[in-house]
Amino acid sequence: MATGRGRLLLQHWLGLQARRLPLGGVGAAPGRGGFRKGAGVEFAAGWTMLKQDARCGRKCEGPSAACAVSLDGMPPEILLKILSYLDAVTLLCAGCVNRRFYHLANDNFIWIRIYSTAFSPKRSSWKVNSVAKTAVSANLLSVEDKEAGYWKKAYITKQIASVKAALAQLLKPVSPYTGLPMKTKEAIRISGLGWVIILKEKSGREYVMEHVELSVNDSSVTIVWYGKAWPRLATLSALHLCGVTPVFMDRSRTPTRNGPRWHSLIAKYSLSHFPESTMIGCDRLIRIFHLNPGLLVGLWKREEELAFVTANLHLHHLAERSTLGSAALPYELPPHSPRLDDTPEHGLHGYQLHVDMHSGGVFCLCSTFRDLFTKKGHIENGYAKLIVIHFKNNTEHLPLVGKVGLSWRTDVFDGCIKSCSIVDMTLLDEYGHPFWCFSSPVCMRPSPRPSDGPHFWGQTYHVDYADSAGRLHMELVWITETEEHFIVSLVLYLSVAKINHWFGTQY
């Protein structure tokens, strides 16, 4: 009760001060003490005002335009004192309110305390100073000499460096089978790494879409976007694929999307038109188009509008490309140092290939081929021919498990497009380092039966893929009796320019 009365009296007093009532009380005349004639009526009126002030005081506990204190009217010293109690993430968010808060949130005295607390040298427990002493002693003399926001930039830069160092440590262990990092899932979970697509309209407006589904495979990551809020395709000009990571990584808490994040551009795609040559399949509802590298765009057949977008990203250098670039420029790999080829006259030897074919988390092929080689004489038209599965050797032919099909889904419909799949390929050189890697949607297309080689009862198909590093050609046959596809030929055509750049040779 005492606390309630005190609170009510305080609200009454604040109401009186706000209305600047006379010094003698509610019914007093200005500049005089005591009551004037008719003081009872005036006192009653004053009591009514007092009760209104009390009600207003109770309302002040929530947001109210009539009695809430305006932050714009507060002096900067008080606002700086309030901001000094915020953590780094909240302080950055406060700086986005308006221009005044942006400048206040850049205060060097606030940020040097945060910086010193986070990165002060660790000492033994009996020598640890208080946070205040550490903040004061750490470069206090240089605070006023630095421009506004200096220690904010220093803190963010060091936080990003610590995130990159933690990721590099996690990605050090490499699988002997694929030559790729073994702890990719753990690195994505701890760092909060995610991916967004930025749809750019011709007018300059942008739409940022968060991924809906994410699956990590043996050698690739599949990210899916779908929903009902797609802009009209006719208004779009480009699509940017970016990796996003929280600026501040806290392993004790799950990363959120509301805090400040770092964008790293991975690839740009044009959405101005979709040539028929890029269409790889369709069903009764959608058509799918392949945009290199690794992007799959699904369009509704009737409306010709976006249904979903799928990105297939190979794990090779994926962490670097998703975290070390900027929002405007992708990450550039460091210059390659050519590896010495002791026996260039013998061609390529000791290569290892890992191939996966999958869709929707279901794998129809997962195979590793070792001791692959090609002779120097097998170079033709700028490519070195590396035969993985020989067409005439029946013992090397491989079956695909299950039926080949590319699964898709939206928030309303789902389906499967026959004869399409995702291929992940990792080719390791003789030293076990990734030489050529890609993850891309492909389509099995009918092909004429070969005149030579073994005779098969069933339709034959081929799968082709090409980029700047080489070409892949796969031949398959449908065995009617067992109702399954067999890979009867697999050949890689490696770019001679890529080989010369990799080994410093002159083939």
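User: Which residue caps the N-terminal end of H11?

Analyst: This is a predicted model, in which local features need pLDDT of at least 70, side-chain atom pairs count only at pLDDT 80 or more, and totals for chains, interfaces and linings use all residues. Residues are numbered from 1 along each chain as its sequence is written, and side-chain values use heavy atoms, with hydrogens and water left out. At the N-terminal end of H11, a side-chain oxygen lies 3.3 Å from the backbone nitrogen of Ala 497, and the residue that supplies this oxygen as the cap is Ser 495.

User: What arc do the buried residues of H11 cover around the axis?

Analyst: In helix H11 (residues 496–503), Val 496, Ile 499, Asn 500, Trp 502 and Phe 503 are buried, that is, under 20% relative accessible area with a 1.4 Å probe and protein chains only. They lie on the same side of H11, because the arc that they cover around the axis, taken from the directions to the C-beta atoms, is only 165°.

User: How far apart are the end C-alpha atoms of helix H8?

Analyst: Helix H8 (residues 150–170) has 21 residues, which at 1.5 Å a residue should span 30 Å, the expected span being 1.5 Å times one less than the number of residues. The model agrees with this, as the end C-alpha atoms are apart by 31 Å.

User: Which backbone oxygen does the side chain of Thr 323 reach?

Analyst: Thr 323 lies in helix H10 and is buried, with a relative accessible area of 6%. At 2.5 Å, its side chain reaches the backbone oxygen of Ala 319.

Terms used
Helix = DSSP H or I, 4+ residues; strand = E, 2+ residues; numbered from the N terminus. Buried < 20%, exposed > 50% of the residue type's maximum accessible area, 1.4 Å probe, protein only. Polar contact = N/O pair within 3.5 Å; in protein donor to acceptor, adjacent residues only side chain to side chain.
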